[in-house]
Amino acid sequence: MTSLLIIHLSDIHFKEDDKDVHLRAPEIVASTQPFHAAASRILLIISGDISQSGKESQFAKAIILIEGIKSELASRTNLPMDVITCPGNHDADFDLPRSSIRSRILKQLMTEDPAKIDIESVEECVLPFRAYDDFQRKVNTLESVVHSPIWLTSTLTVENHQIEVSCVNNAWSCEKRTEPGSLGFPSSLKNSRNEHNGSVRILVMHHPAHWISSRQFREFRRLTRDCCEICITGHEHQTNFGANIDSETGHTIFIEGGALQEHGSSISRFNVVLLNLPENKIDCTPFEWQGDQYISFDKVSSQTLPEKHQAISLTPDWADFLRDIGANVTHQAKQRLELNDIYVFPEIEPADDDEKTPVVASAKSLFDKLGESESVIIKGEQKSGKTALLKQIFIALLDAGLYPIYLNGNKLKISAERDLQRLIEGCVREQYGAPYVNKILQAAPSKKFLLLDNLDAYEFPDKYFGLVFDKLRSQVRAVFATADSSFQLKEALLGEEFSSLKQINQVFLLEFGFRLRYELVKKWFNIDDATAVSNNTVDATDLLISRVVGRGLVPSYPLFLLILLQSQELGQSNGLENSALGYYYEYMILGALNSKVRHEQTHEVLNYCSQFAWFLKSGEKQRVSDREFRSFHSSFEDKFDLEINYENRKRILIEANIFLLTDDEIGFRYPYSYFFFLGRFLSRHLDNQEIIEFIDECCKNLHVRELGNAMLFLAHHSTDGTVVFDALKKSIDSRFSAVIPLAFNHDTATLDNYVDKLPALVFSKDSELAVRNNVQVQDEGLEAGLDGILVPKDFSEDDEFQRAALELLAEINGLIRGVEILGSALKANFGAIDSTTKQLLINTLFQGGLRALRSFVEIFASTPDGVMAELLEAIQDGESGSSTKATREKAVKVKMFQVIGRLSFWFIHRVGASVGSRSMTPAIDRYVATNDTVANRLIAMAGKLETPDPIPLSELRDLNSRVQKSAFAHSVLRWIVYSRIHMYRTAEREKQQICEEMGIKIDLQHAIDFKTKRTKRISN
């Protein structure tokens, strides 16, 4: 019959003193006897770890075994017999003197793209396999084509069928201790791998694919699919046989060898494989040593051979592009981060979404359309992750056996059909390499997808857009395109030219909400497998980043979040603190400039941007025309006696994403950049009367977002703390100055009487992250409700109540913003402020917050009858008719108690968090000891529980005992503790103890639901 009989041995681990296995040739051959009649040829394959430590004397034992098998077979059959081997990690001799040089090269190679590794480095790294190479030349009977130092291919003929066997040394980069995912593979060194010379192709290597580096794992698996229908491996000492059938690697037969010799164990196993070529079938029978012979220990397994195929591989440069993050972000555990290390799918919203009922979905839902013919346009802001999402779509299409073609819209310069075809051909050549150009171009349109990045960057006249887009679309199954959000304005103005896009699904990329930010933070810390990071560190970092982006100044897009993570990591050795937020914004600014500006220029460029920020503020503009910007540029040159190339300076700042050019007007790209530089300018001109007047205006109107942000960054930049501290202190002290601060003693008696006992508060262990997100969403919703409140000047008499409410909210917001800014400045300068000043400023923070809280609570405590009636009606609608009026009134009071308590906690928490940090704890403790009220104790406790530091149990118990007589104060304290155990993971025993003492139940559900469109969206 036309079949190839394969004897597959692996992991023999010969030592010099072995006295048994090398003499078992008769028993091995005897077990193959039943298969001889069906075979036309015999092939002995040994898949690595032939020796124990790569010594010549150990390979001598292997030669004895191989010669014994050949001799025994010759005595039993006339079938031709061949031998082929590949090395494993144990076949390297690490005692050779050059091994230290090899180790240094391998460390260097760990930071490079394995596909770009040069042949000289590989030749140095395979030197420990010198004894194996001598052994292989002695025993291998087939002529080989050597593709590289680690890849050789042999061919043999069975009847009229040709077999191609490739032996690969994928242990070339191993060391004495090799972990899964640590090996690299220079795929570029194996040329002509797409050539198909055999009926069946067999790939022999020692390590299974998952031992290859994670950043190259997909590429390597695809390579094995490209090179074989049958993959034979060893290393893991487990016998296995089967088929892999998936979208990434197609259909491949795998054969895994058990260990022929496992030291310390009597187990000895190998495989007998029969390859039936006419019937396109393969059988595998595993054998195991039992007593004095090898016995089949499992039934014969059969598989149908895969159809011959040609997989597609990528050029090294293009594979590198797909892995690239797109920013200079580094991690201490990995010199070069790759996209798959940190990628989190964003969320999308349909462009035609109904504002009343927004539909938000994961961008991964786009993958559901890969099997369809629907095109999609993905719109988003710059740096929102559009290109990264296209890269993920490219990989998914390739894994599905389809042909994605990436085209950047900035290459669309000419609309002529011939030029478009050349452009597509160039993209295919760049991404797949010359051998695949014809195959992909000639493929049916149903196999091809166009990934058109920066669709709006085309340069030909708008009137040709429809013709070009339709022509490109006609050549592929579907188009996935990206465009800037502003492109929709062009579509609206020039509707006829863009009619081709009307029938195409369009979606917007959304910023990351709490859930996605948390997922990204977890991925960041999981990159470092060698260092255990506590869950509290992950939680604390997530909260810190949420605070930074929560102010609305920094876009909550992955790139910016990664920069914040990197900046936090660099300061992690000093402990995680709720530091002044300005530091993180500064890191992003400097990080953006460092890649574009020489170090010695940085100070001048910072000054340039600061002057421009004040130029915009003085003109009350967000952007200026080219003429106005040139005027500013000339004035700057004159003022500082400089000569600066105008076009070059503009280009650098635009490329660094500091400036944005849109509709021929230029301004700052992001709000944080503008306020950062405005604050920098203010801090350097505190002797200017105009600046002093502007600061005074800011402090009087901190509830206005722009003015509050100006003070935030002034506090960050200022080296003259007196001016800033005095201005902020005056602003806080002036608000609600006639109101006595809430003390949480007899002044909450009205609220205490609302309830007979505290309502249930429940900690749910099964949904910690969900509740944790909910708490943050509620805080964000409350802040959103206060932020930027403006009181209209024109009110009718009937609107007087509304006017009073808005004025109250504006004052509260201004005070809270002042507290946050002053607290941030205090923490940033804690070591430079004397004790007396520090105590005065802490008093301003605490008393200001408590004055605002009293004003707020008194409004609710004296709720108008109309509001009470409305709540009663709502409760009556939701209950059965059997409830009495008294029952409903009691339910209303309980609900009021819960809501006011939750809002009061928000006030206390904001004040405590504004100044709470390890560095400020001694000063706060001193202040509270001198001003010992329940309210001050609650704020101090909120500040201490804002960090992941151990809970001060003794102090918490004392405060809990003290508030027992006030239901309202006790409720606020419970909220503080409840927030802490949800924000940071706490030891189970400690958690149970605290919850029991605080009267917090465990494992049931409880929630106060703040339902607004914005909070729903940011919670995802």
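This note goes through a predicted model of one protein, point by point.

1. **Basis of the model.** Because the structure is predicted, local features need pLDDT of at least 70 and side-chain atom pairs count only at pLDDT 80 or more, whereas totals for chains, interfaces and linings use all residues. Residues are numbered from 1 along each chain as its sequence is written, and side-chain values use heavy atoms, with hydrogens and water left out.

2. **Confidence.** The pLDDT, which is the predictor's confidence in each residue from 0 to 100, averages 82 over the protein, and 81% of the residues score at least 70. Over residues 353–357 the pLDDT is below 50, and this stretch has three contacts in the model beyond near neighbours in sequence; a contact means heavy atoms within 4.5 Å. Residues 1004–1020 also have a pLDDT under 50, and for them the model has 43 contacts beyond four places in sequence.

3. **Overall content.** The protein has 36 helices and 26 strands. Helices (H or I, at least four residues) and strands (E, at least two) are DSSP runs, numbered from the N terminus. Of the 1020 residues, 55% count as buried; buried means under 20% relative accessible area, exposed over 50%, and partly exposed in between, with a 1.4 Å probe and protein chains only. Among contacts between residues at least 6 apart in sequence, 76% join residues at least 24 apart.

4. **Helix H2.** The 21 residues of H2 (residues 56–76) should span 30 Å at 1.5 Å a residue, and the end C-alpha atoms are 31 Å apart, which agrees. The expected span is 1.5 Å times one less than the number of residues. The buried residues of H2 are Gln58, Phe59, Lys61, Ala62, Leu65, Ile66, Ile69 and Leu73. Seen down the axis of H2, these buried residues fall within an arc of 150°, so they line one face of the helix; the arc is that of the directions from the helix axis to the C-beta atoms. Glu56, Ala74 and Ser75, on the other side of H2, are exposed. The cover over the buried residues of H2 includes strands E1 (3–9), E2 (41–47) and E3 (81–86), together with helices H1 (25–32) and H5 (130–139).

5. **Helix H5.** Which residues of H5 are buried? They are Tyr132, Phe135, Gln136 and Val139. These residues cover an arc of only 100° around the axis, which puts them on the same side of H5. They pack against H2, E3 and strand E5 (151–158), while Arg137 and Lys138 are exposed on the other side of H5.

6. **Strands E7 and E8.** E7 (residues 200–205) and E8 run parallel and are joined by three bridges; two strands pair if DSSP finds at least two bridges between them. Ile202 has Ile230 in E8 as its bridge partner. In a regular strand the side chains alternate between the two faces of the sheet. In E8 (residues 230–233), Ile230 and Ile232 point one way and Cys231 and Thr233 the other way, and all are buried.

7. **The seven-stranded sheet.** An open sheet of seven strands has the order E16-E15-E21-E17-E20-E19-E18, with mixed pairing. At its edges are E16 (361–362) and E18 (403–408), each of which pairs on one side only. E18 pairs with E19 (residues 448–453) in the parallel sense over six bridges, and Asn408 stands opposite Asp453 in E19. Helix H10 (residues 417–432) lies across E18 and E19, at about 115° to E18. Axes are lines fitted to C-alpha atoms, for helices over the stretch in contact, and angles run from 0 to 180 degrees between N-to-C directions.

8. **Gly433.** This residue is in the loop between H10 and helix H11 (437–441). Is Gly433 buried or exposed? Gly433 is buried, with a relative accessible area of 11%. Leaving aside neighbours within four places in sequence, Gly433 is in contact with Thr315 and Val428. Gly433 and Pro316 are 117 residues apart in sequence, and 9.3 Å apart in space, C-alpha to C-alpha.

9. **The three-stranded sheet.** Three strands form an open antiparallel sheet in the order E22-E24-E23. E22 (623–625) and E23 (659–662) stand at the edges with a single partner strand each, so one side of each is left without a neighbour in the sheet. Three bridges join E22 to E24 (residues 665–668), and Ser625 has Glu665 in E24 as its bridge partner. Helix H18 (residues 602–618) packs on the sheet and touches E22, E23 and E24, its direction making about 110° with that of E24.
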